Amino acid sequence: MPMLIRLAFRNARRNVRRTLLTAATVLIGTALVTLATAWLDGIFGFMMNAMADVYGHVRLVDSDFLAREELAPMYENIPESDRAVQAAKEIPGVTGAYPRITTGALMAKGEELGEDFGLVVGASQDWYDERLHGADHIIEGRWLSGEKDEVVLGRKLAGQLDIAVGEELLLLGQTQYGSMSDLAPTVVGIVSADAMVDNQAYITLDDARWMLDMGEGALEVLVYAESKEAETLAPIVAALGADPRLDGITPQAWSSREPLPTMMPMVDGMSAFIASLVLFITSLAIFNTMTMSVMERTGEIGVMRAMGLSRLGAVALFAVEALLIGVIGGIGGAVLGGSAGMYLEIVGVTLDEQLLDQMAQAYPMKQTFYADVNAGNLTTAVVLGVCIAFVGALLPAWRASRIQPVTAMKARR
Amino acid sequence: MFSRIAVLAVVFAVAPLPLVALAEEAAEQALPTADELMKAMDANLQYDTRTSTSTMVVDDGRRPRTYKMVTYGRGQDEAAIEYVLPERDKGTKMLKQGDQLWLYLPRSERVQKISGHMMRQGMMGSDVSYEDLMSSDSFDEQYSARVTGAEQIEGRKCWRLEADAKDDTVTYPKRIMWIDAETLMPLKQELFALSGMKMKTWTMGDIREVEGRQVAYKMVIADELKQGSKTVITVDDVTFGVELEAEVFSRRWLERR
């Protein structure tokens, strides 16, 4: 093996220009993969963390509501949500549980209702303070004080309604029974945090309960644990599911809530596709280089075979050379791609506001996206470089092993 | 020969008897015309003024809710409803003026015009839509109909009437009604969409005569699109020809506390 490595180095130095060009191809390919995966990790990693924080690590909902959630059946709610909150708080590892209501409503500043429709969130003051951190994102006015008939509007929503702090807003929705229901709260603050927050209205839990005629109920109870990792949440979900007080209520970990189960395979698929595309293209470069190398060294291979080099040895000769190029290119690509990724991790890329509006009102996405460079994507880059080299060298190396010594030496003459 | 004549004479004397019996039976079963029935129903709905108190129980199969309301009416084009129970909905009012409907929401102290898609919503989440409330034109004006036979509904003889809307502005393009042969009240109605899908079933019972008019003291409305949902309206009392304030049928009344 050491001899093969020495031979690989020697052969690589034979045509330095070609070797460097090939290594550069591998470097660029792996750099692109590193940057792409860092970018995807950054965007979706942020979104998943934010969604877990906003939607709860575990959510309790009525089982019938969950079955038809896309229809938002308000009557399938948790009628005694305080009992569910208490049950959740008794489980070891749970750091908080909060009832919450979300509903849609027509909104208007003046007397006449128009076409402005928005999502209204009603939650406890504790949830707003400890989880949404609403007060930290106020850009005008203040957060809710807990008194009735107050509303805080997201920045986009306030702009759409052309309404300012101090003015009265009419909310016209429906009770859980389908009859019309109204609120006329005063706008006490305007908030801006991400695409989702900016497009929502926030009222007290009591006001939301009144609006939906829900008594002491809530649409969901959000449960938070010490960490959002699956290993931490699994026993909590199991304990909630087994609690007889929560009969008819389903606990759901954040990672199993849509759109994540649909989105994650898509993200993995995108990463795999990008990696495969780069693998294919840069493998062609290695293939080209190795094929030319085999053709140039036909005679030499023949002599070495005549001197006892086995077929496997001939394969290894070219494979090691390719792997060497691949490792150099892979490490270089990881460094280059990692550096670009770290730049994007600090500076980020800012999207057009309109594009973000179209994409992301339902998700807590910010206008500026940051990459996330981590050991995972750097390791992927180096491994990818090696794989590129191996795949590209495979066929030429096999051909080299098929060269007959007599034929090779005749050609040399 | 004599015997032959005698036989023929008997035959000709007896033969018409079944026909006569059939003719008599046919006379008894003679169907009224659709026009007669619809005009009779329309006439029953005519009044100058009316006031009533009612209880509405909305049962959607989950949690029944009970509402009490006071209703005022003047002719066919003006009506006002005020909810007095439950406490949450107390003070909610509706005003119908011609083809316009207004809703007063006490919490926000706002008057909201009901139009467009809102008209299809159930009043207080019930199976009676705002659109149902708006219908004021006479049956005769809205529908062309035919009597298709006689059937029993709740032990009472009824004329079966099939009616098709004369134009596409009518809420229910097709109706089948069972009109009580004695009171001329529609004891049962099936209301259909243009596609032929049955939308609602409306039944009336506890028919009593009040000041020369037939009044249904109980109505049950079932929305066929919402499984297991029905609304029962029970009239507690009704009075015709009462003196009503002019303001009752105005927007000022809506906002008055």
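1. The salt bridge between B:Lys39 and B:Asp140 has its closest N and O atoms 3.7 Å apart. B:Lys39 belongs to helix H3 (residues 34-44) of chain B and B:Asp140 to helix H5 (residues 139-142) of chain B, so the pair ties together parts that are 101 residues apart in sequence. Both ends have some accessible area: B:Lys39 is partly exposed at 47% relative accessibility, and B:Asp140 is partly exposed at 22%. The model is a predicted one, and the N to O distance of 3.7 Å for this pair should be read as a computed value. The pair falls under the rule because a salt bridge takes a side-chain nitrogen of Lys or Arg within 4 Å of a carboxyl oxygen of Asp or Glu.

2. Over all chains, the count of salt bridges is 37. In chain B, B:Glu247 pairs with B:Arg256, with 2.7 Å between the closest N and O atoms. B:Glu247 has a relative accessible area of 22% and is partly exposed; B:Arg256, at 34%, is also classed as partly exposed.

3. Chain B also holds a network of salt bridges. Its members are B:Arg146, B:Glu151, B:Arg160, B:Glu162 and B:Asp164.

4. In chain A, A:Arg209 and A:Glu216 form a salt bridge, and their closest N and O atoms lie 3.9 Å apart. A:Arg209 has a relative accessibility of 7%. That value puts A:Arg209 in the buried class, because buried means under 20% relative accessible area.

5. Two backbone points concern phi. Most residues other than glycine have a negative phi. A:Asp213 has a positive phi, near 55°. A:Asp213 sits in the loop between helix H7 (205-212) and strand S10 (220-225) of chain A, and with a relative accessible area of 25% A:Asp213 is partly exposed. In chain B, B:Leu184 has a positive phi of about 60° and is not a glycine either. The loop that holds B:Leu184 runs between strand S9 (174-180) and strand S10 (186-192) of chain B. B:Leu184 is partly exposed, at 28% relative accessible area.

6. A further backbone point is a cis peptide bond, from B:Leu85 to B:Pro86, with omega near 0°. B:Pro86 is in the loop between strand S3 (78-85) and strand S4 (93-97) of chain B. As a rule, most peptide bonds are trans.

7. On the surface of chain A there is a patch of negative charge, made by A:Asp126, A:Asp129, A:Glu130 and A:Asp136. One of these, A:Asp136, is placed in the loop between helix H5 (125-132) and strand S4 (138-141) of chain A. A:Asp136 has a relative accessible area of 61% and is exposed.

8. Chain A also carries a nonpolar surface patch of about 530 Å², to which A:Phe273, A:Leu277, A:Phe280, A:Ile281 and A:Leu284 contribute. A:Phe273 lies in helix H9 (residues 260-296) of chain A. With a relative accessibility of 55%, A:Phe273 is exposed.

Conventions. Residues numbered from 1 in each chain as written. Chains lettered and ligands numbered in written order. Predicted model: local features only at pLDDT ≥ 70, side-chain atom pairs only at ≥ 80, totals over all residues. Heavy atoms only, no water. Patch = residues over 30% accessible without salt bridge, like charges linked within 9 Å, V, L, I, M, F, W, Y side chains within 5 Å. Areas by Shrake-Rupley, 256 points an atom, 1.4 Å probe, with all protein chains shown as cover. Lys, Arg positive; Asp, Glu negative; His and termini not counted. Charge placed at Lys NZ, Arg CZ, Asp CG, Glu CD. Helix = DSSP H or I, 4+ residues; strand = E, 2+ residues; numbered from the N terminus. Buried < 20%, exposed > 50% of the residue type's maximum accessible area, 1.4 Å probe, protein only.
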